[in-house]
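I opened the model today and kept notes as I went. Each entry covers one thing I looked up.

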Amino acid sequence: MNFEFDPSDEALRQDVRAFLAERLPKDWVGIFREGDASDVSFRLCREMAARGWLTMHWPAEYGGHGASAWTQVVLQQELWAHHEPRGGQYMGLNWVGPAIMRFGTEDQRRVFLPRIAAGEMQWAQLFSEPGAGSDLASLQTSALVRDDDFVVNGEKIWISYGDIAHYGFLVTRSTPGSRRRDGLSVLLVDMETPGVEVRTIRTPLGTHRLHQVSFRDAIVPRSALLGPLDHGWEVATTALSFERSGTARYARSTRMLGLLERLPDGAGPEYEERFAEALAFGRAAELINHKVVAIKEEGGVPAWEASTARIYNALYENHVASLAKRMVGPLALVEADDPNSLERGEIETFVRSAPTATITAGTYEIQMGIVAQRGLGIERRK
């Protein structure tokens with residue numbers, strides 16, 4: 001087994017680093033900031049698309065270059081290490097686009113994939129509801145067929161990027177009275193549709209982070225249906241497997257270790273063992289993520305393996321955040337615009353967002369359950 005990247009991939013890494021050093025604002029800490037952060041993200045996505053970077057691993061017929069999954073990993077690592085300049089567009093690139101390739105009609109592929117590949121399209125993941133978060137199968141948002149349309153009613157909550165999304169990847173109940181996984185469908189919904197309302201949920205986590213989306217007799221055309229009617233569970237879970245295996249969150253955690261090490265006393269003997277433990281955990285997280293990439297490279301769809309990678313990413317992130325708080329105390333939460341902030345607010349942004357890694361894209365407990373049942377064969381007990 002070769003644990004090193006090819007020379008051509010390492011050359012790409014250096015090109016991406018040079019590009020980001022030149023094009024990113026010096027105070028960039030991610031899209032969840034007031035001001036022009038989303039504008040910066042869209043500009044960078046268009047520039048990366050022009051360089052052929054956004055969809056390197058996509059098939060050529062869909063705007064990609066047919067590159068290996070490993071080449072795409074290089075890009076993902078560098079982007080996550082720099083606080084993911086693509087912002088929420090990684091969703092369209094990593095899992096919405098592949099889901100449309102797999103389940104979409106030719107018209108859907110023609111309409112959506114070029115815009116995603118061009119870096120011009122933001123999606124919202126419309127899954128969780130006030131009464132159906134981790135237990136997604138209990139969702140109640142309805143999409144009832146009427147002539148050639150769906151009439152959608154319900155509430156979705158904890159939605160990132162809802163205020164800047166062009167389209168939503170919506171999971172609904174299309175058969176009245178159906179239970180659990182039966183009778184669900186996925187719709188690709190224009191967020192400008194009358195009857196769709198987006199409300200911001202204010203939190204300390206930053207702008208664009210959380211929203212509630214309401215549907216009140218929203219008319220969605222039948223052409224928005226992704227995959228077969230009433231078979232949305234397969235579509236949604238396949239998309240989730242792409243999502244959980246399509247990021248390199250561990251790279252940002254490793255960058256944070258580097259920043260912490262540069263701080264006064266960061267390399268002192270008091271923290272040597274803690275840094276070594278964190279780096280070992282990070283290497284384990286990286287290799288587990290690489291196992292998932294290997295499955296994808298061989299044409300497979302990772303299932304419980306993707307959940308394992310997600311678990312390790314979340315634990316590594318929180319391990320490093322805990323180390324940061326231990327080292328610098330309250331300074332870990334001083335914001336970027338304060339003269340006492342550390343590393344232009346990078347550490348504060350990381351520490352503040354780390355707990356969300358155990359919640360987003362399926363909670364830590366849900367991921368553990370998937371590994372237990374599908375990976376270890378442990379029966380579920382009520």
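The entries below go through a helix, a loop glycine, the nonpolar cores, some strand pairings and a threonine.

**Before starting.** I am working from a predicted model.

**Helix H5.** I looked up H5 first. H5 covers residues 106-117, which makes 12 residues. From first C-alpha to last, H5 reaches 16 Å, close to the 16 Å expected at 1.5 Å a residue. Then I asked which residues of H5 are buried. I noted Gln-108, Arg-109, Phe-112, Leu-113, Ile-116 and Ala-117. Down the axis of H5, these buried residues fall within an arc of 125 degrees, so they line one face of the helix. Next I checked what covers them. Among the covering elements are helix H2 (37-50) and helix H4 (89-103). Strands S1 (123-126), S4 (167-173), S5 (184-190) and S8 (225-226) also take part in the cover. After H5 comes Gly-119, and I noted its positive phi, near 75 degrees.

**Gly-104.** I moved to the loop between H4 and H5, where Gly-104 lies. Is Gly-104 buried or exposed? Its relative accessible area is 11%, under the 20% cut-off, so Gly-104 is buried. I listed its contacts, leaving aside neighbours within four places in sequence. They are Ala-99, Arg-109 and Leu-226. Arg-109 is also on my list of buried H5 residues. I then took a C-alpha distance: Gly-104 and Ala-224 are separated by 9.5 Å, although they sit 120 residues apart along the chain.

**Nonpolar cores.** How many residues does the largest nonpolar core have? I found 86. The residues with the most contacts inside this core are Trp-53, Ile-100, Trp-123, Phe-169, Leu-226 and Leu-260. H4 gives the most to this core, with 9 residues. I also found a second, separate core of 18 residues. Phe-150, Val-196, Val-213 and Leu-225 are included in that second core.

**Strand S7.** I looked up the partners of S7 (residues 211-221) next. S3 (residues 149-157) runs antiparallel to S7, and 8 bridges join the two. In this pairing I picked out Val-152, which stands opposite Ala-218. S6 (residues 196-200) also pairs with S7 in the antiparallel sense, over 5 bridges. Here Thr-200 stands opposite His-211.

**Thr-308.** My last entry is on helix H9 (residues 304-328), where Thr-308 is found. Thr-308 has 17% relative accessibility and counts as buried. I set aside residues up to four places away in sequence and checked what Thr-308 touches. I noted Ile-288 and Val-371.

Key:
Residues numbered from 1 in each chain as written. Predicted model: local features only at pLDDT ≥ 70, side-chain atom pairs only at ≥ 80, totals over all residues. Heavy atoms only, no water. Helix = DSSP H or I, 4+ residues; strand = E, 2+ residues; numbered from the N terminus. Expected span 1.5 Å × (residues − 1). Buried < 20%, exposed > 50% of the residue type's maximum accessible area, 1.4 Å probe, protein only. Arc of directions from axis to C-beta. Contact = heavy atoms within 4.5 Å. Core = buried A, V, L, I, M, F, W, Y, C linked by side-chain atoms within 4.5 Å. Pairing = 2+ DSSP bridges.
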